[in-house]
Amino acid sequence: APAPRPPPRQIKVYLGQLLDEWLDDDDNLEKWESNKLTASDRRILLPHWFYKASMKALQGEAKRKYFEHAGALLTADGTDDDLIKLEGARLQGGD
C-alpha cells in the first residue's frame, strides 16, 4: 500500500479546498478579486481554515499511520518495526 501523505502536505491540500469553497460565494470572490480582503479578514479566516484542514487530515486512522510511518511508535521488543517506512534511508543487510 502506498504511504500516507504527511500531514503538512495533506493540510495544504485541504486548505486549498477550503479556499475554493469560500471563493464559490460571489461576495467573497468579489472581495478577493478587488483586493478588498482586509488583514483582519485574513487573520480570522486562515486560523479557522487551518484548524478545519488539520482536523480533517488527522481524522480516523490517519494519526496512527503517520506515527507508524515515521517510526514514532517504536517498541523495545521490535514489534511492528516492519511498519516503519523512512524515506531516503538505505536498508541494511542486503534488503
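This is a dialogue about how to read a predicted model of one protein chain.

Colleague: Before we look at any feature, what kind of model is this, and how are its residues numbered?

Modeller: It is a predicted model, in which local features need pLDDT of at least 70 and side-chain atom pairs count only at pLDDT 80 or more, while totals for chains, interfaces and linings use all residues. Residues are numbered from 1 along each chain as its sequence is written, and side-chain values use heavy atoms, with hydrogens and water left out.

Colleague: How many helices and strands does the protein chain have?

Modeller: Helices (H or I, at least four residues) and strands (E, at least two) are DSSP runs, numbered from the N terminus. Here the protein chain has four helices and zero strands, and its elements, read from the N terminus on, run α-α-α-α.

Colleague: What share of the residues is buried?

Modeller: A residue is called buried under 20% relative accessible area, exposed over 50%, and partly exposed in between, with a 1.4 Å probe and protein chains only. Of the 95 residues in the protein chain, 19% are buried.

Colleague: Which residues is Asn28 in contact with, leaving aside its neighbours within four places in sequence?

Modeller: Contact means heavy atoms within 4.5 Å. With those neighbours left aside, Asn28 is in contact with Trp22 and Leu23. For the protein chain, residues 24 or more positions apart account for 50% of the contacts with a separation of 6 or more.

Colleague: Where is Lys56 found, and which residues does Lys56 contact beyond its neighbours within four places in sequence?

Modeller: Lys56 is found in helix H3 and counts as partly exposed, at 39% relative accessibility. Leaving aside neighbours within four places in sequence, Lys56 is in contact with Tyr14 and Gln17. The C-alpha atoms of Lys56 and Ile11 are separated by 7.9 Å, although these residues are 45 residues apart along the chain. Leu46 is also found in helix H3, and from Leu46 to Leu19 it is 9.3 Å, C-alpha to C-alpha, with the two 27 residues apart in sequence.

Colleague: Which residues gather in the patch of negative charge on the surface?

Modeller: Asp and Glu count as negative, and the place of a charge is taken as CG of Asp or CD of Glu. In this structure Asp20, Glu21, Asp24, Asp25, Asp26, Asp27, Glu30 and Glu33 gather in the negative patch. Helix H1 (7-23) and H2 each supply at least two of its residues, and H2 gives the most, with four. Glu30, placed in helix H2, is partly exposed, with a relative accessible area of 47%.

Colleague: Where is Asn35 found, and is Asn35 buried or exposed?

Modeller: Asn35 is found in the loop between helix H2 (26-33) and helix H3 (39-57), and Asn35 is exposed, with a relative accessible area of 68%. Its phi is near 60 degrees, a positive value in a residue other than glycine.

How values were computed:
Patch = residues over 30% accessible without salt bridge, like charges linked within 9 Å, V, L, I, M, F, W, Y side chains within 5 Å. Areas by Shrake-Rupley, 256 points an atom, 1.4 Å probe, with all protein chains shown as cover. Salt bridge = Lys/Arg side-chain N within 4 Å of Asp/Glu carboxyl O.
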